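Thanks for making time, everyone. I'll walk through one model and then take comments.

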Amino acid sequence: MSLAQGWKLAQLWYGDRLSPQWSPMSAEQAESVFRDVGLVGEFWKLAGQASAR
Amino acid sequence: MVRSLSKGLTMNIGRKLRESDLDARVRQFVYRHIIRREKSPTVAEMAKGLSRSTKLIRGSLSRLSESHAFMMQENGELWRAAPFSCIPTAFPVKVGKHSWFGNCIWDALGIPAMLGEDARIEGSCGCCNYQMPVEVKGGRLVAGKGLIHIAVPAREWYKDVVFT
């Protein structure tokens, strides 16, 4: 991915990490974030995993 | 029998709520400590700071590790509290006079994203160590060249996280 995509991904992934209400994303939510950044395809699938990072 | 089942269920729910509350407190304690002191707290420091036994703290860290956001070293101390690495890596991140390490470029970018601050990441190429600094300013990427290469498909990231 480009650095610009990496920065956008980091913002979506970690922007709320300090919130006391934060909870791990589901696999579906994580895949949605990847799609928002333009990361699509089999490589970015998390099917079958309970949560991501 | 109905009374003991109900009591068991209530105790189980109570325990889950206490665990959930402790886990939230441990998360916040760890992040505040890392941000303030630029290093992760030890289990003993967490126990003292939160007035809990090391056994309870280790239980909490184990639960927090289920999502891989926290990860532990073999010695029982923190290895990662995403996006922070708790050990030195090839991705140092400077924010003003403070510095931390990210586990990879994604995590390194996650530090200014999390803190909402300007940052400089002294990244380097994974194969040849060629210097590839990246800079974030005013919420925007203002300097940096190259690509981010992720070698492992997403569903396999945690099979060997060090390799990933």
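Start at the end of helix 4 of chain B. The residue that follows is B:Gly116, with a positive phi near 65 degrees. Keep in mind that this is a predicted model.

Now the helix itself. Is helix 4 of chain B largely enclosed or largely open? It is largely enclosed by the rest of the structure, because 10 of its 11 residues are buried. Among the buried ones are B:Trp106, B:Asp107, B:Gly110 and B:Pro112.

What covers them? From chain B, the cover includes strands 3, 4, 5, 6 and 7. Chain A takes part too, through its helix 1, residues 3-14.

B:Leu109 shows this at the level of one residue. Setting aside neighbours within four places in sequence, B:Leu109 contacts A:Gly6, A:Trp7 and A:Ala10, plus B:Ile121.

On to the core. The largest nonpolar core holds 39 residues. A:Ala10, B:Val93, B:Ala108 and B:Leu109 have the most contacts inside it. Helix 4 of chain B is the top contributor, with seven residues. Both domains of chain B take part, each giving at least three residues to this core. As background, nonpolar side chains in soluble globular proteins tend to be buried together.

Next, the interface. Here 24 residues of chain B are in contact with 25 residues of chain A. On the chain B side, helix 1, helix 4 and strand 7 each give two or more residues. Helix 4 of chain B gives the most, with six. By type, the chain B side splits into 17 nonpolar, six polar and one charged.

Now the domains. The domain assignment of chain B puts domain 1 at 2-79 and domain 2 at 85-156. Their C-alpha centres are 28 Å apart. Five residues from domain 1 of chain B and five from domain 2 of chain B make the contact. The domain 1 side has three nonpolar residues, one polar and one charged.

The sheet comes next. Chain B has an open sheet of eight strands, paired antiparallel, in the order 1-2-3-5-4-6-7-8. Strand 1 (70-72) and strand 8 (140-143) of chain B are the edges, each pairing on one side only. Look at strands 3 and 5 of chain B: residues 84-85 and 98-102 pair antiparallel over two bridges. There, B:Phe84 stands opposite B:Gly102.

Some backbone details for anyone checking geometry. The bond runs from B:Ala82 to B:Pro83, with omega near 10 degrees.

Two residues other than glycine have positive phi: B:Ser51, near 50 degrees, and B:His68, near 70 degrees. B:Ser51 is in the loop between helix 2 and helix 3 of chain B. With 6 other C-beta atoms within 10 Å, B:Ser51 is exposed. B:His68 lies in the loop between helix 3 and strand 1 of chain B. B:His68 has 17 C-beta neighbours inside 10 Å, so it counts as partly exposed.

Last, confidence. Chain B has a mean pLDDT of 89, and 94% of its residues reach 70 or more. Within chain B, helix 1 is lowest, at a mean of 86, and helix 2 is highest, at 98. For the complex, the predictor gives an ipTM of 0.88 and a pTM of 0.87.

That's the tour. Comments, please.

Conventions: Residues numbered from 1 in each chain as written. Chains lettered and ligands numbered in written order. Predicted model: local features only at pLDDT ≥ 70, side-chain atom pairs only at ≥ 80, totals over all residues. Domains from an automatic or database assignment. Contact = placed C-beta atoms within 7 Å. Nonpolar A, V, L, I, M, F, W, Y, C, P; charged D, E, K, R; others polar. Pairing = 2+ DSSP bridges. Helix = DSSP H or I, 4+ residues; strand = E, 2+ residues; numbered from the N terminus. pLDDT = per-residue confidence, 0-100. Buried ≥ 20, exposed ≤ 12 C-beta atoms within 10 Å, placed from the backbone. Core = buried A, V, L, I, M, F, W, Y, C linked by C-beta atoms within 7 Å.
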